[in-house]
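Please keep the structure in view while reading.

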Amino acid sequence: DGSAFNRNGAVANESWHEVGVDTLMERMKSLSERTQEECSESEMAKRFERVESQSAELLPAAPPPPLSDSGSNKTTAIGQFVDDPGFLYEDFARRSDASAIPTFRDYSWEDHGYSLVNRLYNDVGNLLDEKFKTAYNLTYYTMGGRRDVDTSKFRRAIWNYIQCMFGIRHDDYDYGEVNQLLERSLKAFIKSACCYPERVNRADYDKVLREFRHSEKVHVNIMILEARMQAELLYALRAVMRYMT
């Protein structure tokens, strides 16, 4: 079809240089107008694994420099609240059991987690659900200086990419769209902000989504926060459900 995508959903000649907003809008429009591609379950799984493997190859932001001697007391003070100072995010694609990465076809927030939280804590599920939906749907239908833009494809790609880094696969989603809509530089920023937030600085923020308004970039960061929280809740709530049954 003359697009810049290959059959696997990857952007041809992908580089660290961001495409402009107009190109991104064309890609979203192309995806929206494209007839639903029928892919086998194995092909859908391969696309997810490809995105996850690519995420493992991305280097996060560099760690901050060590504290000076004057800050050593702060480190000692904080240490009393930390059980394992060496505990860090580990890429799922690099784990020894990567072949057994769980999918959440049989457990999702909408169908299971939401109701379980309400069962354990009255109305808390409603509050969390409203918070997740607000974070996801927070849009002025703008992208950079363009108005009346349907950003749903872009927002879903970001949300599902974040949860992909935590080993969560939504079986009804084509992860080929992630590579079509999220530039490598944006993926690297998302990984840093999601998995190593203490390393992110203003320069990292300024280098991505350069044509976007600040309100739109802040929205991306809000989605990073909420999608990660939902992913963590899914693991915890599924464990609780298994214990209860």
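A residue is called buried when its relative accessible area is under 20%, exposed when it is over 50%, and partly exposed in between. By this rule, both Asp 171 and Arg 169 are buried. The model is predicted.

**Nonpolar core**

- The largest nonpolar core contains 51 residues, and Phe 154, Leu 182 and Ile 190 have the most contacts inside it.
- At least two residues of this core come from each of several helices, including α1 (21–33), α2 (41–57), α6 (152–164) and α10 (214–244).
- Helix α10 gives the most to this core, namely eight residues.
- Leaving aside residues up to four places away in sequence, Ile 190 touches Ile 158, Tyr 161, Ile 162, Met 165, Leu 182 and Ile 224.
- In soluble globular proteins, nonpolar side chains tend to be buried together.

**Salt bridges in helices**

- The structure holds 14 salt bridges.
- Glu 43 pairs with Arg 47 in a salt bridge whose closest N and O atoms are 3.1 Å apart.
- Because Glu 43 and Arg 47 lie four residues apart in helix α2, about one helical turn separates them.
- Glu 43 is partly exposed, at a relative accessible area of 21%, whereas Arg 47 is buried, at 4%.
- A network of salt bridges links Glu 43, Arg 47 and Asp 174.
- Arg 228 and Glu 232 form a salt bridge of 2.8 Å, N to O.
- Arg 228 and Glu 232 are four residues apart in helix α10, so about one helical turn separates them.
- Arg 228 is partly exposed, at 27% relative accessible area, and Glu 232 is partly exposed, at 39%.

**A buried pair**

- Asp 171 and Arg 169, both buried, form a salt bridge with the closest N and O atoms 3.3 Å apart.

Conventions: Residues numbered from 1 in each chain as written. Predicted model: local features only at pLDDT ≥ 70, side-chain atom pairs only at ≥ 80, totals over all residues. Heavy atoms only, no water. Core = buried A, V, L, I, M, F, W, Y, C linked by side-chain atoms within 4.5 Å. Buried < 20%, exposed > 50% of the residue type's maximum accessible area, 1.4 Å probe, protein only. Contact = heavy atoms within 4.5 Å. Salt bridge = Lys/Arg side-chain N within 4 Å of Asp/Glu carboxyl O.
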